[in-house]
Amino acid sequence: MVNPASLFGWTRSLRWRIQAWYAGILLVALSVFSVLLYWEAARSLWDEVDTDMLAGARIVEGTMRRLAPPILDSLAPGPGVRRDQQRRDPPFPPPMDRPPPRSNWRDGNNPGMIPPTRELPPRRVLQDRLPPHEALDPVSDFKAAIDWTAIERLLPGRLKREPNEVTLTVWSPDGETLFSKGTNERSLTWSQVDTANLKNVLVLRQMRGSIRDLLIRGPSNTTICFGLDVTRELNRMARFSAFLVAAALATFALAWLGGAWCLKRTLVPMAVMEKTASSIGADRLNERLQVDSMDTELAEVATAINGMLDRLQAGFERQREFTADASHELRTPLAILLSSTELALSKERPAEAYRAELEKCHRAAQRMNGLVDSLLTLSRLDPEKQNIITETVNLSHLCTEQVDYFRELAGKQQITLQSDLKPCTVLGDRGLLERLVSNLLINAITYNQEGGWVILALQQDSEGCTMTVTDNGNGIPAQDLPHIFERFYRVDKARSRMSGGSGLGLAICDSVVRLHRGTISVDSKEHEGTKFTIHLPSVG
Amino acid sequence: MRVLIVEDEPDLLGSLAESLREDGYAVDTSLRGDEGIHKALSWDYDAIVLDWMLPGLSGIDFLKRLRKVKATPVLLLTARDTVGDKVFGLDAGADDYLIKPCSLRELSARIRALIRRTTGNATNLITISSIVIDTGSKTVSMEGQSVQLTAREYALVELLALHRGKLVSRTMIYDHIFDEDDDSLSNIVDVHVSHIRKKLGRDFIETRRGQGYIIHG
């Protein structure tokens, strides 16, 4: 059974996704380009054809106008041209060398306007000038008047066409065929002409299958219709579109391959990064990604990864040191336990000897117990676990209890323990705060001399509680001050060993204060004394 | 044989010292590095058991100062257990390295080995004519028969045997057989020698009057 996720796993690949997007966009762009190109090419082709056809039509029109002006008038007048208006301004004959202006047609549709002076002669005048019998059949007269054979000869050459490709039809305003050349069953018939539309426009173009028609108004409302067999053009366009599709596909394929190559090249440093990153483990944390040779974007990622590794390494290093220190601290009492028991068991001894060894073992076990206890406290003092701060603690009560508790110890060492406690309440963990105060007091009493004093003071201010533990004891050398809150750091190893300190007391104090979002600071001068200042935010 | 132990844990120091004393060593102790180096430079110890982390003077600095003057064999006894620590400690001048917690028997064996090597012996067995001294089990036998010696007598025999063929002065005997707390009378060595002669034969130890004693190997 194939896992469907693995089948479509490639969609999760950045490379494939980029390539798919890129291909899609490329396809759309190529399509739009091809369509626009085809459209423009078709437009220019048909423009060319139409220009030729229009030129041809103009020739026909001009010829008609030149050759048969009198007869023209015998045909039906333009639609809407009123007789009285025609009559008003009859310069005769009209200039024959000029084609009729296009405004004619529009004027015909605007009865209110005066026809221009170039208008064809009024019908009445023409009629007067013609013999009566000739005027009886204007169509035949018209036909007879025009040298159609000349037009026939002229046109295909002008249109650069084979004669059989061109059809020419001239209709009278009534739709009677005045002339037709090369017409066949495919040619346009009068019934198919959109006469209504033709009234409004100068030139009408239309496609019917492979025939392109061009209709213009001839003289006296005749309609000149050109039909052109454009199979050649259509074939050209078909070839062109096929070429476009092929070219687009080829371009697409080329761009796809090029894109894939570029993408692969771009992702090579990613692969290198991946390889390096996966080779970095907890035991090889000192390795880093080579940023120098990378591109800016990747270098940023690599720098970020390197920064993360730096922090990780520092963390691991701290953890390693901590573990080494902890194991060292645990090993020492363990060594006492083992050597004492081994010595005691090596031979029969008097009861006092056993007792002495047992006492050693007891001390060692107590030390281990204290150390394990401190280690557990520290591990529980995770700054993430803020939820342990739940209760309201009366700090002044707590301090009073601690001072009472330690007064005896202080008295034994000839040390005066004083307190100056103002009412003060904080939100926190009672057990941890007790530990904070007791650790500070033990330190102040232990690292003191006979006749010394320790003062525990508590003050409430607007921001919270400020607690100070001041003594006039040994003090801390300046070079040790920055390290005293570090785990297992000892100012004087011998003294603290003798007094049973684990080297974790101040580290615990620091953690407790930070957990309560407070601050702890120390001010000390060697041989003069030490002052710890703790600020804890109050409940509010 | 006289051994110095420098260790800042009083309880551990007590056990180590007691154990080595029971093994017949004369043991001096020190809780501080600076005090220890003073002793080490003042006396010719047969071996020194040294902790690394010491108040006053660290074990490494102890070694550096000692090595400028003396080649006393030093066993570094420490909780520092990494390979790097061992290499560093041995390169600083330690002759052996033992990690806490350790077995007292192992410590004893390593000290024996250290002393054996520095006196140029390859085995624990020293044979002088018909007398065989086993420094491992700390026993002496003559013609196959085990001879019972007190700890002091054995220590004296061992010292002379390890330096056989060489004159061993009375001062040297005092330095190596008795520890700093021993306030024995000055003629105690003569008493021990006469006891040994009774057990191992008159000619075993030769007296050089006014100079010391010698065993001819």
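The model is predicted, so local features need pLDDT of at least 70 and side-chain atom pairs count only at pLDDT 80 or more, while totals for chains, interfaces and linings use all residues. Residues are numbered from 1 along each chain as its sequence is written, and chains are lettered from A in the order in which they are written.

Let's start with chain B, which has eight helices and twelve strands (DSSP runs, H or I of at least four residues for helices and E of at least two for strands, numbered from the N terminus). Of its 217 residues, 42% are buried, that is, with 20 or more other C-beta atoms within 10 Å of their own, C-beta atoms being placed from the backbone.

Now look at α1(B), residues 10-22, beside α11(A), residues 296-345: they pack at about 30°, with axes 9 Å apart. Axes are lines fitted to C-alpha atoms, for helices over the stretch in contact, and angles run from 0 to 180 degrees between N-to-C directions. The angle makes α11(A) roughly parallel to α1(B), a term for angles under 35 degrees. Residues in contact (C-beta atoms, placed from the backbone, within 7 Å) include A:Ile336 and A:Leu343 on α11(A), and B:Leu12 and B:Leu16 on α1(B).

The other partner, α12(A), residues 351-380, packs against α1(B) at about 145°, with axes 10 Å apart. Here A:Lys360, A:Arg363 and A:Ala364 meet B:Asp11, B:Gly14 and B:Ser15. B:Asp11 and B:Ser15 also belong to the contact with α11(A).

Notes. Parallel < 35°, antiparallel > 145°, perpendicular 65-115°, else oblique. Contact = placed C-beta atoms within 7 Å. Buried ≥ 20, exposed ≤ 12 C-beta atoms within 10 Å, placed from the backbone.
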